Amino acid sequence: MLEGVLARGDRAVGEAIELAYLRGARFDSWEEHLDLGRWQQAFEDAGVPMSRYTGTLPVSARLPWSHIDVGLEDGFLAREYRKALKDQLSPPCGKAAGMFVHHTNLAESEADRRKLVCYDCGVACDLGAMRGERLVYLKKLGAEGPVAIDLEKRRQKRPEERRRPKVSFVQGTARRYRLRFEKTGPSAFVGHLDLLRLLPRVFRRLDLPVLYSQGFHPKPDLTFGPALSLGIASLDEHIDVRITADLDLEGLCEQLTAHAPAGIVFTGAARLSDTDPSIAKLLSEGMARWVVGLPVSALPHAGLLSRPTDGDWVTAVRHEVEGQLEGGNLVVLRTVDGIGKKIDVRSFLRGVRVGVGREALDRAGIMGDLLPIQIDTALSGSSGVRVGEVVEALLGKEVPFRAVRASMWARRPGSDHDTTPLDLAALRRDAAPQRELLAAQE
Ligand code: SF4
């Protein structure tokens, strides 16, 4: 009813719409937001009865928008309406009588001299020009004559042959590159799936020939590290990309940053060899360092502590965290699509330092009177742990926070040390004995 009134209403409805808006009507096409009572009251208070617009209108009635000229003759739509009531079709205009689609080649189009259908609607098309224009475009497309399709031959093809896509492009040999970038400011709100679309656009703007997968839906060959939760900034993201060109790494980061949206800043690049493990594999046994900033003004209201111990919040929060680490139940519930899953935060935690990490917050542009907490978590496990879940386990659900992933570390093969994914020399040095061992075993 409301849609009907708004669609058929005249300018008197404007006052009722404004009243409803001023009284809080928003997003009314979403059922959970619609309050029909509010609209009815607004119409009543504006002195505009809704029923005025929901009744039957004579076909000849002047409508509120009749003064707007859209180029149609008076009575054309009424004629079409009457035809529709009698089940009479109006085949598409601009085509030869009886045709529902245009000819698809020049020979047939030129041979057909029938008159084109026109209902004289008032737009006054130049049908002769339309016919000529169509011939020009068919010629441009090279559609000279009908194409014979051998249906029998098609049927005889084996199903797997029919399904296999035709590879129609040659891409050349791919080289592997690893790029490191920051994702801060507005880009912290770019979700992981959007990032998958955003980065290839950056490469396209620079004309970098990214290798595409083959198949029905070719996709750029990119490999990402662990995904970030939406709204969490990062100073240390990595991506592996295959590019079919030798890139000059000097100045590459500056060029990529210049073509990236605000908040995406490339900070490192390296060429990978064929034997270097992918970033996903490398970080699957690594570690992430987060810095969480708690707004000091919100701490008393978050039910955490009523006043700072020994005069400062760092000590107070440290006591709270240490208490939780010693004896607290660090299990939180993660709910996805209504299905809950228990996450044992303790099994992922590698370290917590209250009052440390201010520089990371500053670099990520997270400002204010904040209490920083540096948190190290393991990246292993089927789904990892989210930084919000760590905060919830240590300080409760009510504590507001902003967070940044400050760095990620890969476990160096065969060693107990971690290193940054761009330190290829260290990673290769540690991997060499392992490779030799594997070769000897083979
Ligand atoms: S004037 Fe043009 S749009 Fe109108 S009926 Fe004739 S061909 Fe169609």
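Val-332 stands opposite Ile-343, a residue of strand 7. Their strands, strand 6 (residues 331-336) and strand 7 (residues 339-344), run antiparallel and are joined by six bridges. Strands pair here if DSSP finds at least two bridges between them. Helices (H or I, at least four residues) and strands (E, at least two) are DSSP runs, numbered from the N terminus.

This is a predicted model: local features need pLDDT of at least 70, side-chain atom pairs count only at pLDDT 80 or more, and totals for chains, interfaces and linings use all residues. Residues are numbered from 1 along each chain as its sequence is written.

**Hairpin of strands 6 and 7**
- Two residues lie between strand 6 and strand 7 in this hairpin.
- Asp-337 has a positive phi near 50° there.

**Strand 3 and its partners**
- Strand 3 (residues 233-243) has nine of its eleven residues buried, so it is largely enclosed by the rest of the structure.
- A residue is buried if 20 or more other C-beta atoms lie within 10 Å of its own, exposed if 12 or fewer, and partly exposed in between, with C-beta atoms placed from the backbone.
- Strand 1 (residues 175-183) pairs with strand 3 in the antiparallel sense, over eight bridges.
- Within that strand 3, Val-241 is the bridge partner of Tyr-177.
- Strand 2 (residues 222-224) is also antiparallel to strand 3, with three bridges.
- Leu-222 stands opposite Val-241 of strand 3.
- Strand 10 (residues 402-411) runs parallel to strand 3, joined by two bridges.
- Ala-233 has Val-404 of strand 10 as its bridge partner.

**Helix 3**
- Trp-39, Ala-42 and Phe-43 are the buried residues of helix 3 (residues 36-45).
- They cover an arc of only 100° around the axis, which puts them on the same side of helix 3.
- That arc is taken from the directions from the helix axis to the C-beta atoms.
- The cover over these buried residues includes helix 1 (2-8) and helix 2 (13-22).

**His-192**
- His-192 belongs to helix 10 (residues 192-205).
- It counts as exposed because it has 12 C-beta neighbours inside 10 Å.
- Leu-228 is 36 residues from His-192 in sequence, yet 6.8 Å away in space, C-alpha to C-alpha.
- Leaving aside neighbours within four places in sequence, His-192 is in contact with Ala-227 and Leu-228.
- Contact requires the C-beta atoms of two residues, placed from the backbone, to lie within 7 Å.

**Domains**
- The protein divides into domain 1 (2-54), domain 2 (76-141), domain 3 (175-276) and domain 4 (287-411).
- These bounds come from an automatic or database domain assignment.
- Domain 3 and domain 4 have C-alpha centres 28 Å apart.
- Between them, 12 residues of domain 3 are in contact with 16 residues of domain 4.
- The domain 3 side that touches domain 4 has five nonpolar residues, six polar and one charged.
- Ala, Val, Leu, Ile, Met, Phe, Trp, Tyr, Cys and Pro count as nonpolar, Asp, Glu, Lys and Arg as charged, and the others, Gly among them, as polar.

**Ligand shell**
- Cys-93, Gly-94, Cys-118, Tyr-119, Asp-120, Cys-121, Val-123, Ala-124 and Cys-125 surround the ligand.
- A residue is near a molecule if its C-beta atom, placed from the backbone, lies within 6 Å of it.
- The shell divides into seven nonpolar residues, one polar and one charged.
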